[in-house]
Every structure is written in C-alpha cells, then in structure tokens.
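Welcome to this short briefing. Please take a look at the model below, and then read on for the points worth checking in your viewer.

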Amino acid sequence: MLAACGGEDSDAGSGNPYLTKKAPKATVEVEMIEFAMKPDVPSVAAGPIRFRATNASTSMVHELAVLRVRDDGSFDNTGEVEDVDPGKSGEITLDLPAGRYVLACVLVPGEAGSTYDHFKEGMKTDFEIR
Ligand SMILES: [Cu+2]
C-alpha cells in the first residue's frame, strides 16, 4: 500500500513536533539586544517551557530561535519567536527534552531589514534543559 506521507523528516503541513498547547511549567524571559541573547536563567527543567522574548533594541528587529544541539554538534531548530519589533515581545511554548541548547537570533542580511548576520555577530548563548 502507498504511504500517505512522503519521506520527510517532519510532517509537511503541521510541522513542528515541539510546539505544544500544554500549560508551561516554566517561563524563560529572554532579552534580545544587538548583539546578545540574555535569558534570565541559564537552565530550566525539561517539559513545556514558555520562552518570552523581549526586544530591548531601539532600532533593530530581532528574533529568538531555540536550537537543540545534536550529538554531532549540528542544530535542530525547535521553534522561533520570529521578527520581534524594537520594544516589543513575543512568546512561544515548546515541549523540550533535556539537552544542550543555544538561544540565538538567526536573522541574516535581507531578512526583516537586517544588514547583519546576527548569529555571526554573537547574538547567541548556551542554554541547558535538564
Ligand atoms: Cu538579532
């Protein structure tokens, strides 16, 4: 019989397996500024976690990507608060397993009016889920 879904990593439409509607057990406040990511805690327990990203810039759009570090060192992007305007905030709740993560802004030149590669400028920080 034919498989209904092709051989993609994740389902084509509904997408992100980490996105959850469960009530968060913890909230991580992340301040974004050029060019740094500043979570209010360095680690949090596994489970549904709300990330609230606040853009402290007065001029630049930023975003928060929650990147899980795979064993081989590559990143799995578990979810993003995209394109947060200066002075604004946004949030996402993700159900995440324990592991090493990086909180990063992944805007690149041409996106959201940016002329910088924010990740390369150092807009990232290690984060642990335990
Ligand atoms: Cu940024």
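Donors here are N, O and S atoms within 2.8 Å of the metal (3.2 Å for Na, K and Ca), and since water is not among the atoms, sites may look incomplete. This is a predicted model, in which local features need pLDDT of at least 70 and side-chain atom pairs count only at pLDDT 80 or more, while totals for chains, interfaces and linings use all residues. Residues are numbered from 1 along each chain as its sequence is written, and side-chain values use heavy atoms, with hydrogens and water left out.

**The copper site**

- Four residues coordinate the copper ion, at 2.0 to 2.6 Å: His62 (ND1), Cys105 (SG), His118 (ND1) and Met123 (SD).
- Along the chain, the donors of the copper ion are spaced as H-x42-C-x12-H-x4-M.
- Histidine 62 in strand β5 (residues 62-69) and histidine 118 in the loop between β8 and β9 are 56 residues apart, so to speak from distant parts of the chain.
- Both histidine 62 and histidine 118 are buried, where buried means under 20% relative accessible area, exposed over 50%, and partly exposed in between (1.4 Å probe, protein chains only).
- The site of the copper ion is irregular, with angles of 90 to 136° among its four donor atoms.
- For that label, four donors count as tetrahedral if all angles lie between 85 and 135 degrees; four count as square planar and six as octahedral if opposite donors are over 155 degrees apart and all others between 65 and 115; anything else is irregular.

**Aromatic pairs**

- There are three aromatic pairs in the structure; rings of Phe, Tyr and Trp (its six-membered ring) pair if their centres lie within 6.5 Å, and planes under 30 degrees apart count as stacked, over 60 as edge-to-face and the rest as tilted.
- One of them is edge-to-face because the planes of phenylalanine 51 and phenylalanine 127 meet at 65°, with ring centres 6.1 Å apart.
- Phenylalanine 51 in strand β4 (residues 47-55) and phenylalanine 127 in strand β9 (residues 124-129) are 76 residues apart, and the pair links these distant parts of the chain.
- Phenylalanine 51 and phenylalanine 127 are buried.
- Phenylalanine 75 and phenylalanine 119 also form a pair, with centres 6.1 Å apart and planes at 70°, so this pair is edge-to-face.
- Phenylalanine 75 is partly exposed at 35% relative accessible area, and phenylalanine 119 is partly exposed at 23%.
- Lysine 124 lies over the face of phenylalanine 119, at 4.5 Å from the ring centre; a charge sits over a ring if NZ of Lys or CZ of Arg is within 6 Å of the ring centre and within 35 degrees of the ring normal.

**Backbone details**

- Glutamate 34 and phenylalanine 35 are joined by a cis peptide bond, with omega about -10°.
- Aspartate 83 is not a glycine, yet has a positive phi of about 45°.
- Alanine 112 also has a positive phi, near 50°, and is found in the loop between β8 and β9.

**Overall fold**

- The protein has nine strands and zero helices; helices (H or I, at least four residues) and strands (E, at least two) are DSSP runs, numbered from the N terminus.
- Of the 130 residues in the protein, 35% are buried.
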